[in-house]
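Subject: Structure handover

Dear colleague,

Please find the structure below, followed by notes on what was found in it. I would be grateful if you could read the notes with the coordinates open beside them.

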Amino acid sequence: MKVPATSAVLKLVISKGFRYCYSRTTCVDSAEADVCITLTPIAKSPHIRRLPKAYDTFFNILKEPVQMAAGVDSTLVYFDLDKSIITT
């Protein structure tokens with residue numbers, strides 16, 4: 001489930017024990033944005049040489065995602081979350 005990245009969602013993800021996130025960047029044709037970044041939280045440090053094919057890179061959740069949650073010009077930022085993370 002894609003959820004817009006906000007500081008409240010970021011705090012929830014961190015409180016659930018996630019420390020890193022995979023990142024996927026795509027171009028969008030929208031009046032409000034040119035780029036869409038989808039962040040998928042993970043608990044353990046990923047192997048940089050073995051990222052899943054759908055992802056470009058990964059971030060420490062306390063660095064770049066904190067800035068992204070504050071807003072980025074012409075960019076949509078979402079967290080791809082499992083429904084159980086939101087409801088518990």
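From the N terminus on, the elements run β-α-β-β-β-α-β-α, that is, three helices and five strands, where helices (H or I, at least four residues) and strands (E, at least two) are DSSP runs numbered from the N terminus. The radius of gyration of the protein, taken over C-alpha atoms, is 13 Å, close to the 12 Å that the globule rule (2.2 Å times the number of residues to the power 0.38) gives for 88 residues, so the protein is as compact as a globular protein of that length. Along the principal axes, the C-alpha atoms fill a box of roughly 35 × 30 × 25 Å.

Please keep in mind that this is a predicted model, in which local features need pLDDT of at least 70 and side-chain atom pairs count only at pLDDT 80 or more, while totals for chains, interfaces and linings use all residues. Residues are numbered from 1 along each chain as its sequence is written, and side-chain values use heavy atoms, with hydrogens and water left out.

The five strands form an open sheet in the order 1-5-3-2-4, with mixed pairing; two strands are said to pair if DSSP finds at least two bridges between them. Strand 1 (2–4) and strand 4 (57–60) stand at the edges with a single partner strand each, so one side of each is left without a neighbour in the sheet. From one strand to the next the twist averages 35 degrees, with axes fitted as lines to C-alpha atoms and angles running from 0 to 180 degrees between N-to-C directions.

Strand 3 (residues 35–42) pairs with strand 2 (residues 20–27) in the antiparallel sense over eight bridges, and there Tyr 22 has Thr 40 of strand 3 as its bridge partner. Strand 3 also runs parallel to strand 5 (residues 75–80), to which five bridges join it; Val 35 stands opposite Thr 75, and Leu 39 stands opposite Phe 79.

Seven of the eight residues of strand 3 are buried, meaning under 20% relative accessible area with a 1.4 Å probe and protein chains only, as against exposed (over 50%) and partly exposed (in between). Thr 38, which lies in this strand, is buried with a relative accessible area of 2%. Not counting residues up to four places away in sequence, Thr 38 touches Lys 2, Tyr 22, Ser 23, Arg 24, Tyr 78 and Asp 80, where contact means heavy atoms within 4.5 Å.

Ile 14, in helix 1 (residues 7–15), is partly exposed, with a relative accessible area of 22%. Leaving aside its neighbours within four places in sequence, Ile 14 is in contact with Arg 19, Ile 61 and Leu 62; Ile 14 and Ile 61 are 47 residues apart in sequence and 7.6 Å apart in space, C-alpha to C-alpha.

For the protein as a whole, buried residues make up 35% of the 88 residues. Among contacts between residues at least 6 apart in sequence, 72% join residues at least 24 apart.

With best regards
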